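Have the sequence and the 3D view open as you read. This report goes through a few parts of the chain in turn.

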Amino acid sequence: MFSKLTSILQHAVEAGEAARGLAPSLPLQEDFVYHWKAITHYYIETSDDKAPVTDTNIPSHLEQMLDILVQEENERESGETGPCMEYLLHHKILETLYTLGKADCPPGMKQQVLLFYTKLLGRIRQPLLPHVNVHRPVQKLIRLCGEVLATPTENEEIQFLCIVCAKLKQDPYLVNFFLENKSKSLTSRGTPSIISEDDPKGRDPTSADTSQCHQPQEPPAAAGVRHTELEDEAPHQMEDLSASLDDLSVTSLPEASVVRSNQDYNLVNSLLNLTRSPDGRIAVKACEGLMLLVSLPEPAAAKSLAQSTCLCELLTGRLTSLYKALPQSVDPLDIETVEAINWGLDSYSHKEDTSAFPGKRALISFLSWFDYCDQLIKEAQKTAAVALAKAIHERFFVGVMEPQLMQTSEMGILTSTALLHRIVRQVTSDVLLQEMVVFILGEQREPETLSEISRHPLRHRLIEHCDHISDEISIMTLRLFEHLLHKPNEHILHNLVLRNLGERNYTENRPLCPEDKDAVENGLIAGAVDLEEDPLFTDIPPDNTLPSQEWISSPHTSPDHPKNDGKTEVHKTVNSFLCLVPDEAKSSYHVEGTGYDTYLRDAHRQFRDYCAICLRWEWPGAPKPLEKCDLDAAFFEGHFLKVLFDRMGRILDQPYDVNLQVTSVLSRLSLFPHPHTHEYLLDPYVNLASGCRSLFSVIVRVVGDLMVRIQRIQDFTPKLLLVRKRLLGLEPEGPIVDHITLLEGVIVLEEFCKELAAIAFVKYHASATP
């Protein structure tokens, strides 16, 4: 080994001597050549190849060479290459150092070479990577990184890889130097099989031979490459040295189980290997490097990353293994309340955690890795982002999560739904969110029919779970849909609601009957509140206004239902909701701070947020004209609204927590600034077609039932007030009150009607603001 290195380096010394005769000597160049000759002489003169490199002067000489190169650059005009840098490029010093590092001779030399490359690329300002005698050895050195995990050089390897990534981020075009010629790789060696982390046999990927590296097609000369002149001037000795270096057979360390799907994009492959490092800091740095690479705008790099590396397998494989490592039954409350996850700060000590619970370490690891996948896709070039998100959809959502969500075990359903809810809350990437939405709801956009509601099995199952025999499962699934409705994705509301309201066939195109006309005749409904000068809106800043919409004022005009001014109409709508619950069933006016106006500020803020989200979806400003609607088609409100309306109809017989969640979802739907959802959910005067129901009509039926049941309960009003005060914490818990479920249901009903009234008023206020 050592004798062969000696002969090669003897050639290098002779080449250096010959080159010195080609140009006048300069002080810096003399020093530079001196330090390089000192390194090469070590190999010629020393026979002991066992002594560690730290016992030699090699590290000092390399550091001096770097200092000289930096000094030379500082003394010259920007972008001008000095004689020392010319010497380094001309004599292929980086190639020689790569060979010495690969041989790790003397022991520890690989570490010194990695440090030299890292500092050279980091400290020199002029672009070095376009030079063939830089990017070629850099490419070769990249392939040495990550081959063996937990080696002493891991820290230097990740620093080197990250500085290369940083340079590519500065000039993305340079990535083309690091996309190797796949055809040569495939003709010279077979493509090794790809075994992902979630392989059923648990085997690690095999490594391909990494002793050779192929030159990519060179970019145009405009990139500023000067290597042609240098190679033309190079003496024959340098050509001999280059050939000798390429032919040198070096016994390398045994390889780890590394990812080499092929040799197209070794920078990615090396980083992928280091993400598996047992040292968390190394793994995080490798993830950061991958984040830089996926964001490069070069289409060829994005395509290679998606198709020719194991990045998709790594992301989905690790998600799968971390998900499967979770305990079978994690408390949903723990999943809900575990602290915010940031993938780069995944450090957790069970001993130091006073709020630890079984499986917390595994849960944080899973959520942390999901966060990394989400952020990676968010930063990625579009082609790469779509490929990565689709891989997660197919291999993780469908392959792993769906069977868990479709099971029949109540504990399994609860845990898997809580985990889905958590990642729905957590996702921020539009591309990954789209894949998640399609996974949950399917791609269907045409109107639903009752016979086809199970067309997308998971959607059907989750909506059914909103009305599950287990209240816990119902609440968790309703919370999932509530957070889904917060997400900035148009398909969510369209798939769940809008596709069934497009033809407005819930309406009957006929004049209002006399009774209806009497109810909405000029003047306010008895007992209504005066909204003329609502104090809550006097302190809202002028810039806090909302986009104007034409459709807010209701009811809609017809020949027998002339449209009055908007203020009168909103009074009627608001008071329709406020007066739904009879006075004997109201209790809020007995408790300070629980009036209708308390909902107005929340409604204003929430509606503003929804308007900001929906602005880009180009929804119509007014309902589809009735003359253009197919009113004769059978109306079906859709599976989602059917279940919500059914549950709303049972509000007097359901647990308090279930009622809170059902009304919360319905109020979210009412906030959307679409004319059809507004009409269907917030217009008390819409002419419903036969057999159709709206949110208002469902509440009217509940109130009718309540009026009958009130008569059978002795001391109804005092009991109702006691229950309200207990819910607010104003009264201590005491003996169980009879009919507690009904009384709590009445309180939720009253509050929900006030909330709907506030939403209706805020929508009018938004449209009326200039």
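## Cysteines

How many disulfides does the count come to? The count is 0. Keep in mind that this is a predicted model. A disulfide is a covalent bond between the sulfur atoms of two cysteines. To be counted here, a pair of cysteine sulfur atoms must lie within 2.5 Å.

Take Cys165. The nearest cysteine sulfur belongs to Cys162 and is 5.8 Å away. That is not within 2.5 Å, so Cys165 is in no disulfide. Cys165 has 1% relative accessibility, so it counts as buried.

Now take Cys287. Its nearest cysteine sulfur is that of Cys373, 9.0 Å away. Cys287 is in no disulfide either. Its relative accessible area is 5%, and buried means under 20%, so Cys287 is buried.

## Two packed helices

Two packed helices are described by the angle between their axes and the distance between the axes. Helix H2 covers residues 27-45, and helix H4 covers residues 83-90. They pack at an angle of about 35°. Their axes are 8 Å apart.

Which residues meet? H2 brings Leu28, Gln29, Phe32, Val33 and Trp36. H4 brings Pro83, Cys84, Tyr87 and Leu88. By class, this contact has 8 nonpolar residues, 1 polar residue and no charged ones.

## Helix H31

Helix H31 runs over residues 716-727, which makes 12 residues. At 1.5 Å a residue, H31 should span 16 Å. Its end C-alpha atoms are 17 Å apart, so the two values agree.

Several residues of H31 are buried: Phe716, Leu720, Leu721, Val723, Arg724 and Arg726. Just after H31 comes Gly729, with a positive phi of about 75°.

## A serine in a loop

Where is Ser694? It sits in the loop between helix H29 (675-682) and helix H30 (695-710). Is Ser694 buried or exposed? At 2% relative accessibility, Ser694 counts as buried. Leaving aside neighbours within four places in sequence, Ser694 is in contact with Phe645, Tyr680 and Leu688.

## Confidence

The mean pLDDT of the chain is 81. Of its residues, 76% reach 70 or more.

Two stretches call for care. Over residues 182-263, pLDDT stays under 50. The model has 150 contacts beyond four places in sequence for this stretch. Over residues 519-564, the pLDDT is below 50 as well. That stretch has 95 contacts in the model beyond near neighbours in sequence.

Note on methods:
Residues numbered from 1 in each chain as written. Predicted model: local features only at pLDDT ≥ 70, side-chain atom pairs only at ≥ 80, totals over all residues. Heavy atoms only, no water. Axes fitted to C-alpha atoms, helices over the stretch in contact; angles between N-to-C directions. Helix = DSSP H or I, 4+ residues; strand = E, 2+ residues; numbered from the N terminus. Contact = heavy atoms within 4.5 Å. Nonpolar A, V, L, I, M, F, W, Y, C, P; charged D, E, K, R; others polar. Buried < 20%, exposed > 50% of the residue type's maximum accessible area, 1.4 Å probe, protein only. pLDDT = per-residue confidence, 0-100. Expected span 1.5 Å × (residues − 1).
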